[in-house]
Every structure is written in C-alpha cells, then in structure tokens.
Amino acid sequence: MLDLEQIDDVGTLLSAGREAAQRGDKTAARNALRKANRIAPNDVHVLLALAEVVGTFNERRLLLEQALKLEPENIAAQGALAALKSGAANPHPAVNVPPIDPTPLMAPTSETLYCYRHPTVETGLRCIQCARPICSKCSERTPVGFICPECRKERRSPIYQVEPLDAVKAGAISLVIGGIGAYICSFFPLFLFFFMGAVIGETIMRVIDWATRKRGLVMQIAGAGAFALGAILAAFFAVGFNIGLIIFLVIGVSTLVARLR
C-alpha cells in the first residue's frame, strides 16, 4: 500500500485513487484523491474521479460543477451532472441529500480532512449544506450545525445582497431629497421640524426601496450619510444653520436608518 503522506505527485495519487475505487475501497480512494485535489485544485481528471467516490449528493454536484467551470465542453462532466440532476444518480431526488454510496455521510475517522479554504489546516468539521471540510475559523454555527462562508452567503436574502450601484442610487436619492426637504422645512415653524424630519426620512426610504429593492447596513450608511450631506449643503447655501435643522436631521436620519434595516 502506498504511503500517501510521502507522495506529492498528482498523477500517482490519481492512479492510486482510481485503483482503490476499483477495489471497492472508497475510503482509500477519497484519501488519495482529496490530497491530489489539494495539490491541483483545477485538475479536471481529479475532480471527476473524486466525484465518483465522495459520500454525499451535494459534494458530488459541487465537484462536477467545478469541473464544468474549468472545461465547459467536458462530455463526461456534463453527462454525470445531468444524470445527477435528473435523479438517475439520486434515488430520492425530492429529498436532495441521499448518499451516493453506502458509506457514512461523515468521513470515517481514518480519513484526514483539510479545510477547503485553508488546505494545510486539518479539521473534523463539514459544512451542513455543501459537505465540504471547513476549519473552526471558517465555519459559522447554526441551529443545525456548521456552515461555510459561501453557503452562508447563498442563504442570505437577496434584499441584503447589495451591489455598489445600489449604494450609489441610495446616496443620490438621499442627497437630493434630503437637501430639498431641509430647504422646504426652513419655511415651517420650529415644532413642525419633528414631523417633517420623519416624513422626509420615510419618503427617502420608500424611493430607495422602489429604485433598488435593497436594505441592510450598506444601504443605511449610504442613505444616512447622503441625507446628512444634502441637508448640510442646503443649510450652507440657502437656509442657514439653526436648531430646527439639527432636529430635522436627527429625526430624518433616525427614521431612514430604522426603515432600511
């Protein structure tokens, strides 16, 4: 039996993994092929071979998708992924998480796992969604287990996935409406500044929501900062600084930040 710790040649590890798989020793095959994958993460032959011996449906899908990203015309990867998605390689497609083979979903104790983000760090954890090994620094605890950063990002609501253009839109809207609102308020009695601040803050939030359909911390910062800048510019060039402007600004920014959560 080969000593995998002493082997760093991808071709040798690939051959050892395939031979172990043919013998039915999938644990040995995974050990050899995972090491080959760590050394050459973009080797399509390694990815396809590893996809045949991994223990979960999701991990096999991820490996095949990675192979197709590297070689979109690879017929073997296309066929395997199509069969996987159609349920031909999945006896329970509605469940979407059955094992590909009778081996346990978690790696046997004899298999050494390495974090896919830190290839030199050993770990005993796997992401509950994609089944890839993750170290304690990369993992995030959930009520049902640990999850990796990529899967955590995918789970996040699209409302909070903010692009730079969304923040620019929020800033522009807040700057314009905030400046106009501050100017208009200069014609009202002081006690109405409380009411107008809330009205302008709500108005800005609704226009931002219509224009971007985004919320979250980035939108709060962009909106609040531009709102304050617009009001300050209006005061500097037109209405002047006074206690009413401060009241208007505090109430308006507070309303906007609260509504963009």
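This is a predicted model: local features need pLDDT of at least 70, side-chain atom pairs count only at pLDDT 80 or more; totals for chains, interfaces and linings use all residues.
Colleague: How many helices and strands does the secondary structure of the chain come to?

Modeller: The chain has 261 residues, and 43% of them count as buried. Among contacts between residues at least 6 apart in sequence, 56% join residues at least 24 apart. The secondary structure of this chain comes to 10 helices and six strands.

Colleague: At what angle do helix 8 and helix 10 pack?

Modeller: Helix 8 covers residues 192-212 and helix 10 covers residues 243-259. Helix 8 passes helix 10 in a right-handed crossing. Their axes are 7 Å apart, and the packing angle is about 35°.

Colleague: How many nonpolar, polar and charged residues does the contact of helix 8 with helix 10 have?

Modeller: Helix 8 contributes residues including Phe193, Phe194, Met196, Ile200 and Arg206. On the side of helix 10, the residues met include Leu245, Ile247, Phe248, Ile251 and Arg259. By class, this contact of helix 8 with helix 10 has 13 nonpolar, five polar and three charged residues.

Colleague: Which element gives the largest share of the lining of the largest pocket?

Modeller: The largest pocket has a volume of about 670 Å³, and 23 residues line it. Two or more lining residues come from each of helix 2 (26-39), helix 4 (57-70) and helix 6 (149-155). The largest share, seven residues, comes from helix 4.

Colleague: Which residues lie nearest the centre of the largest pocket?

Modeller: The lining of the largest pocket divides into 11 nonpolar, three polar and nine charged residues. Of the 23 lining residues, those nearest the centre are Asn37, Leu63, Gln66, Tyr116 and Arg132.

Colleague: Why does Ser186 count as partly exposed?

Modeller: Ser186 is found in the loop between helix 7 (164-185) and helix 8. A residue is buried under 20% relative accessible area and exposed over 50%, with partly exposed in between. Ser186 counts as partly exposed because its relative accessibility is 34%.

Colleague: How far apart in space are Ser186 and Gly240, C-alpha to C-alpha?

Modeller: In sequence, Ser186 and Gly240 are 54 residues apart. In space, the C-alpha to C-alpha distance between Ser186 and Gly240 is 8.8 Å.

Colleague: What is the phi of Arg213?

Modeller: Arg213 lies in the loop between helix 8 and helix 9 (217-239). Most residues other than glycine have a negative phi. Arg213, a residue other than glycine, has a positive phi, near 60°.

Terms used. Residues are numbered from 1 along each chain as its sequence is written. Side-chain values use heavy atoms; hydrogens and water are left out. Axes are lines fitted to C-alpha atoms, for helices over the stretch in contact, and angles run from 0 to 180 degrees between N-to-C directions. Helices (H or I, at least four residues) and strands (E, at least two) are DSSP runs, numbered from the N terminus. A crossing is left-handed if the near helix is turned anticlockwise from the far one by less than a right angle, and right-handed if clockwise. Contact means heavy atoms within 4.5 Å. Ala, Val, Leu, Ile, Met, Phe, Trp, Tyr, Cys and Pro count as nonpolar, Asp, Glu, Lys and Arg as charged, and the others, Gly among them, as polar. On a 1 Å grid over the protein atoms alone, a cavity is a set of points where a 1.4 Å probe fits but cannot get out, and a pocket is an open set with protein on both sides within 12 Å along at least five of seven lines; lining residues have an atom within 4 Å of a point. Grid points are joined across faces, edges and corners, and a volume is the space filled by probe spheres set on the points. Buried means under 20% relative accessible area, exposed over 50%, partly exposed in between (1.4 Å probe, protein chains only).
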